[in-house]
Amino acid sequence: MKDLIPVKFTINLNQEEKDLKKLFEKENFSLPALTVDSFSHTDPKFKETLEMNSRLDFLNRILFNFMVFSVLLLSTFLLIIVLSIISKTIEIKNKVLALGKTGIQNLELAKDNLLNLDTDKSLSYFKLASSNFEEANTEYSKAKLLETSASVIPILSSYQQNAESLLAMGRDFSSAGIELTQGIKEITNDKDGNALNLIQNVKKHTSSIEQKVNSIEASLLKINTNFLDKDTAGKIEKIKLTLPKIKRVLKITEEVNDNIPEALGVNKEKNYLIVFQNNNEMRSTGGFIGSFGILKMENGQRKDFFINDIYELDNNYAGAVKAGLTPYIKPPYPMDPQFTGNWALRDANTNPDFSKSAQNIIDFYKKEVPFLKDPKYPEEIDGVISVTPSVLESILEVTGPLNLDEYGLTLNSKNLLETLQMEVEAGQDKAHSKNPKSILEVLKNKLLERFSALSGEDLKKMILAVAEKADGKHILFYSRNDNIQKFFGKLNWTGEINKTEDDFLMVINNNYGGGKSSLKINEDINQEIDIKEDGAIVKKVSITREHTSDYYLKYFDPWEKQEKWLVGTNDNYIKVYVPKGSKLIKSEGFENRIDIFNEGNKTAFGSLFSLVPKQKKTATLYYKLPFKIQMGDFVKYSGFYQKQSGSLGSTIETKVILPSNTNVKSSEGNLSKNNNFEFSGDLSRDRFLNIIYSPL
């Protein structure tokens with residue numbers, strides 16, 4: 001009987017399937033051919049037995065060949081099934097991958113819309129992302145079942161664990177985004193302004209978001225980035241770095257939420273001092289304090305809010321000093337007592353660290369308010385809020401123009417500052433010997449009326465505009481409540497000087513001449529950072545300032561009985577803050593000697609640096625940093641370059657000169673890289689730079 005030959009199947013296989021087929025063929029054994037020796041015997045019984053054995057042997061051969069055929073046929077059949085499973089698994093995996101990518105795209109769109117406070121679109125994209133990840137998880141479960149059935153396919157558990165963890169993380173991110181967006185919608189659409197309801201909403205959503213973040217963290221711990229492509233692995237590592245910051249913000253938010261009732265006067269009235277810093281007359285923390293206000297909060301509602309001229313406080317205080325009723329306090333250098341008189345609230349912001357200047361502001365307020373003898377002014381202050389005119393300009397971009405019929409004026413975002421300044425210096429109130437800052441109270445009332453009529457969309461724009469100005473340090477906060485102060489500090493809204501132990505640079509301008517010219521000055525900062533072979537750092541910092549205006553807006557002051565220019569000479573004292581202990585090598589281009597100050601953990605080099613209209617000057621400092629970069633296999637230079645609060649932002653050019661024979665590993669920061677190790681940007685916000693290199 002001929003051996004049965006199994007049917008040969010011809011299948012078109014891709015490379016992955018060919019590899020699996022080879023593996024299958026390798027792992028299936030083949031049996032040797034069966035042989036039987038031949039011999040003769042004459043015994044009938046034996047012959048009968050032999051014939052019986054022959055029949056049995058023949059039957060065994062038939063059965064054996066049938067079994068071999070069956071095994072081969074079954075193996076071929078199983079191979080077809082396996083290859084079908086592989087094809088189906090690949091199809092499902094491709095679908096999972098596509099859904100995952102779509103989910104990520106929707107998350108990014110949701111984030112972008114959320115940053116623009118378009119909560120409707122953001123919520124829609126977060127929900128789409130959630131749906132994408134849910135469907136992807138369902139499809140992945142099918143693939144996992146098929147892979148379990150096809151045990152011959154060598155699927156590594158790490159790949160499965162990564163896939164499951166990534167999908168879980170996507171679902172949690174989507175859920176957290178939905179929760180966050182819904183919370184923002186509830187807050188921005190709350191027309192009642194009930195503080196207690198706001199607190200409950202924040203607490204509810206924060207708690208839910210925190211649970212999702214903890215779940216995301218658990219998923220991250222299970223992910224092995226060695227099994228991921230470079231792009232995905234990079235994103236995972238970024239999330240790992242970002243997540244602890246998110247957890248800290250959530251923790252601080254919870255702490256602030258616990259303290260908000262107290263801050264909003266739920267149990268006791270709270271009083272906040274608002275200082276209006278004119279950044280057209282620049283000072284250390286943003287501008288000359290020409291006006292102030294008191295905001296009273298009680299039971300979560302605004303109880304009172306009024307604005308007044310700073311001289312209503314300072315003049316009464318000066319009179320008390322002159323009468324010997326309170327001690328004279330000499331103003332700090334470089335202010336001239338002959339020009340400024342006694343130190344007072346208007347000049348209290350001499351420290352560029354607003355958290356420290358705010359304490360001086362509160363101290364002077366408490367010294368001065370008893371001599372005003374007006375019961376509406378509280379004795380105790382719970383916090384200080386600073387605002388520059390740039391904030392009001394952004395607000396008017398949202399609200400539109402305001403008509404001040406009492407003054408015959410229309411204010412918009414373009415004419416606000418100069419119109420108000422001219423009215424204060426030479427307007428109808430001053431002409432009639434009234435408080436020249438009365439116009440600010442009228443403006444405040446008009447704005448509050450306009451705020452109450454804002455649509456939900458305009459309210460979102462307003463929140464976004466105000467947050468942007470806070471990021472640019474045009475709004476600063478100081479709270480005597482430590483938890484609230486920490487919260488604003490995390491947002492970088494407290495105007496504190498960065499405490500870095502690395503390289504540091506901050507240029508501070510003080511316009512002590514009284515002219516409203518600071519916004520007409522363009523400032524360019526150019527720093528050259530020379531890193532020596534032993535890690536020592538020598539720096540050259542050049543500052544170019546240009547007065548872009550001519551003498552501008554002439555007026556007659558009815559009190560001083562003389563003509564003046566609103567925009568004229570910029571009488572400026574500049575201070576350059578560097579790491580504490582830096583040694584000055586030389587200086588060029590300043591008007592007088594260099595003064596050296598030690599303030600906190602910084603050293604400052606100061607000098608006069610004034611400009612007349614249309615003038616342009618450059619001054620340069622050469623100095624050595626007090627530390628050396630730690631040498632080793634990898635060497636790191638880090639620099640932090642801080643913006644002056646209230647400024648519109650200088651340009652900054654940075655060139656790093658590395659030692660010869662070095663191999664640069666990486667450079668990162670929020671400055672633009674121009675060429676080799678030359679970087680540029682603007683100080684509309686704080687900037688930083690990190691360079692890692694190794695000696696060859």
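In this predicted model, T662 stands opposite P695 of strand β23. That pairing belongs to an antiparallel arrangement in which seven bridges join strand β20 (residues 662-669) to β23. The protein as a whole contains 15 helices and 23 strands, and 45% of its 696 residues count as buried.

**Overall composition**

- Among the contacts with a sequence separation of 6 or more, 69% are between residues 24 or more positions apart.

**Strand pairing around β23**

- Strand β23 (residues 687-695) also pairs with strand β18 (residues 635-642), in the antiparallel sense and over seven bridges.
- Within β23, Y693 is the residue that stands opposite V635.
- In a regular strand, side chains alternate between the two faces of the sheet.

**Helix α10**

- Helix α10 (residues 389-399) is largely enclosed by the rest of the structure, because eight of its 11 residues are buried.
- The buried residues of α10 are P389, S390, V391, S394, I395, L396, V398 and T399.
- An α-helix has 3.6 residues a turn, so residues three or four places apart point the same way.
- G400 follows α10 and has a positive phi, near 85°.

**Buried charged residues**

- E423 is located in helix α11 (residues 416-426).
- E423 is buried yet lacks a salt bridge, and K434, the nearest side chain of opposite charge, is 10 Å away; a salt bridge would require a side-chain nitrogen of Lys or Arg within 4 Å of a carboxyl oxygen.
- Apart from residues up to four places away in sequence, E423 touches Y407, L409, Q428, D429 and I439.
- K185 lies in helix α4 (residues 157-188).
- K185 counts as buried because its relative accessible area is 19%, and the cut-off for buried is under 20%.
- The C-alpha atoms of K185 and T119 are 6.3 Å apart, although the two residues are separated by 66 positions in sequence.
- With residues up to four places away in sequence left out, K185 touches T119, D120 and L123.
- D347 belongs to the loop between α8 (337-340) and α9 (354-372).
- The relative accessibility of D347 is 3%, so D347 counts as buried.
- Beyond its neighbours within four places in sequence, D347 is in contact with R283, F288, M335 and T340.

**Loops on either side of α8**

- N342 is placed in the loop between α8 and α9.
- N342 is buried, because its relative accessibility is 11%.
- The contacts of N342, leaving aside its neighbours within four places in sequence, are Y317, A318, V321, Y328, I329 and P331.
- A cis peptide bond, with omega of about 15°, joins Y333 and P334.
- P334 is situated in the loop between α7 (310-322) and α8.

- Most residues other than glycine have a negative phi, and most peptide bonds are trans.
- S433 is a residue other than glycine with a positive phi, near 55°.
- S433 occupies the loop between α12 (428-431) and α13 (438-452).
- With a relative accessibility of 61%, S433 counts as exposed.
- L553 is not a glycine either, yet its phi is positive at about 60°.
- L553 is part of strand β11 (residues 552-557).
- L553 is partly exposed, because its relative accessible area is 23%.

**Nonpolar surface patch**

- Y551, W565 and V612 make a nonpolar surface patch of about 280 Å².
- V612 sits in the loop between β16 (602-608) and β17 (616-628).
- The relative accessible area of V612 is 37%, so V612 is partly exposed; patch residues need over 30%.

Notes:
Residues are numbered from 1 along each chain as its sequence is written. This is a predicted model: local features need pLDDT of at least 70, side-chain atom pairs count only at pLDDT 80 or more; totals for chains, interfaces and linings use all residues. Side-chain values use heavy atoms; hydrogens and water are left out. Helices (H or I, at least four residues) and strands (E, at least two) are DSSP runs, numbered from the N terminus. Buried means under 20% relative accessible area, exposed over 50%, partly exposed in between (1.4 Å probe, protein chains only). Lys and Arg count as positive and Asp and Glu as negative; His and the chain ends are not counted. Contact means heavy atoms within 4.5 Å. Patches are made of residues with over 30% relative accessible area and no salt bridge: like charges are joined within 9 Å, nonpolar side chains (Val, Leu, Ile, Met, Phe, Trp, Tyr) within 5 Å. Accessible areas come from the Shrake-Rupley method with a 1.4 Å probe; for residues, only the protein chains shown count as cover. Two strands pair if DSSP finds at least two bridges between them.
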